[in-house]
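Welcome, and thank you for taking a look at this protein with us. Please keep the sequence and the 3D view open while you read the short tour below.

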Amino acid sequence: MKEDRLPFLRIRDLLKKFGNFTALKDISLDVFEGEFVCFLGPSGCGKTTLLRAIAGLDIQTAGLVEQAGKDISALPPSERDFGIVFQSYALFPNLTVQRNIAYGLENTGAAKPDISRRVTELLELVGLSDQGPKYPSQLSGGQQQRVALARALATSPGLLLLDEPLSALDAKVRVHLRHEVKMLQERLGVTTIMVTHDQEEALAMADRIVVMNHGVIEQVGTPTEIYRDPVNLFVADFIGEMNQFEGVLQSEDKVKVGDISLACTSVGPAKGEAGIVAIRPEDIVPVETGAKTSQQNVLQAQIEELEFLGSFWRAWLVNAKLGGAGLTANFSINAARRLELVEGKKVKIAMPPERLRVFNRGNG
């Protein structure tokens, strides 16, 4: 278990102010050796500020940063053990790929043959063995980002920091490169923190995700935990798609929506309080005609609209008893074929109580 060992990076009560604006509020976090952690959140949530505080590029106003048991809270970046890759690559345009990668090693005073050997090794590692003599302008965006990654890894840092490293690339290259970066990180075992606003990127790459909003951490967990068990409405809404509609909690496990009582899992409101009822489109299950079911929350809905999205059909459903709340459901190709789904048709659906959650309004 991670909790049985000491964290590689330990952050406690971190506060960062810019004048009267508080960018980070009492941030505490542990990152363990070899982990790939993503800071995820909307623009302005504080994720890049936190990364820069860890790097010493923007020293925190108050709080502790420890790396490998050493207090680095007040150390300048040059005395911290990290490599960093920026969104803009930040390569030196007047230096060849080889010289770009060698730059950090030259500053350590390493011998030329050792530097040459390390640069060759890194070029091979990032799949650019034959690109060493070229200049950055002669490379594609994806290749430039690989060079930036190789340069960050050149001095074998204990911590790799990635600030939106893939966001400047087109979608296809981004998907390919995120897989490569993750495989590389696993192979090297380097502790990595990546900032991203792309939820899909975080879900695909991270061992754990730190969801941030307005300078605070909303939730920390594995991608599965964050997606399946969001602690509040902000996380539920930010990660993936979510149906949301008004309801009043009748008991710990019952919520009234329109004229219907539904079994649910409450994550916030007290009995008698209004809340937001939420369920993911893929968690709405079609019930086949004639099938015996012990499922709860079974109701009939009419298909208002259907959209084919390749691997599934998206259906917009209505039921007058839900008080005007519409539902979006994702049905597999096979289910859509078996049920002969067409617009205007009425279908039976079930909403599993463990997947139907009731949150406080707002972030709570």
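## A tour of selected residues

Let us begin with Glu164, which is found in the loop between β7 (159-163) and α5. Helices (H or I, at least four residues) and strands (E, at least two) are DSSP runs, numbered from the N terminus. Although Glu164 is not a glycine, its phi is positive, at about 45 degrees. Glu164 is buried, with a relative accessible area of 11%; here buried means under 20% relative accessible area, exposed over 50%, and partly exposed in between (1.4 Å probe, protein chains only).

Before going on, a word on the model: it is predicted, so local features need pLDDT of at least 70 and side-chain atom pairs count only at pLDDT 80 or more, while totals for chains, interfaces and linings use all residues. Residues are numbered from 1 along each chain as its sequence is written, and side-chain values use heavy atoms, with hydrogens and water left out.

Ala68 also has a positive phi, about 50 degrees, although it is not a glycine. You can find Ala68 in the loop between β4 (62-67) and β5 (70-71). Is Ala68 buried or exposed? With a relative accessibility of 58%, Ala68 counts as exposed.

A glycine with a positive phi, Gly56, follows helix α1, and its value is near 85 degrees. Helix α1 itself (residues 47-55) is mostly covered, as seven of its nine residues are buried. Among these buried residues are Lys47, Leu50 and Ile54.

### Charged pairs

Side chains of opposite charge can pair when their charged atoms come close. How many salt bridges does a search of the whole structure find? The search gives 18, where a salt bridge is a side-chain nitrogen of Lys or Arg within 4 Å of a carboxyl oxygen of Asp or Glu. Here are some of them.

| Pair | Closest N to O distance |
|---|---|
| Lys182 and Glu186 | 3.7 Å |
| Arg357 and Asp229 | 2.5 Å |

Take Lys182 and Glu186: both lie in helix α5 (residues 171-188), four residues apart, about one turn of the helix. Lys182 is buried, with a relative accessible area of 8%, whereas Glu186 is partly exposed at 47%.

Next comes the salt bridge of Arg357 with Asp229. Arg357 lies in strand β21 (residues 357-359) and Asp229 in the loop between α7 (223-228) and α8 (233-238), so the pair ties together parts that are 128 residues apart in sequence. Arg357 is buried, with a relative accessible area of 11%, while Asp229 counts as partly exposed at 38%.

Through shared partners, salt bridges join Arg228, Asp229, Asp283, Arg355 and Arg357 into one network.

### A glutamine beside the network

A polar atom of the Gln219 side chain lies 3.1 Å from the backbone oxygen of Asp229. The Gln219 side chain also has a polar atom 2.9 Å from the backbone nitrogen of Val231. Gln219 lies in strand β10 (residues 216-221) and counts as buried, at 9% relative accessibility.

### Out on the surface

Which residues form a negative surface patch? They are Glu304, Glu305, Glu307 and Glu343. Such a patch is made of residues with over 30% relative accessible area and no salt bridge, with like charges joined within 9 Å. One of the four, Glu304, lies in strand β17 (residues 298-308). Glu304 is exposed, with a relative accessible area of 53%.

### One last pair of positions

Finally, look for Asp198 in the loop between β8 (191-196) and α6 (199-205). Asp198 is partly exposed, with a relative accessible area of 21%. How far apart are Asp198 and Ile279 in sequence and in space? They are separated by 81 residues in sequence and by 21 Å in space, C-alpha to C-alpha.

Terms used
Patches are made of residues with over 30% relative accessible area and no salt bridge: like charges are joined within 9 Å, nonpolar side chains (Val, Leu, Ile, Met, Phe, Trp, Tyr) within 5 Å. Accessible areas come from the Shrake-Rupley method with a 1.4 Å probe; for residues, only the protein chains shown count as cover. Lys and Arg count as positive and Asp and Glu as negative; His and the chain ends are not counted. The place of a charge is taken as NZ of Lys, CZ of Arg, CG of Asp or CD of Glu. A polar contact is a pair of N or O atoms within 3.5 Å; within protein, one must be able to donate a hydrogen and the other to accept it, and residues adjacent in sequence count only if both atoms are side-chain atoms.
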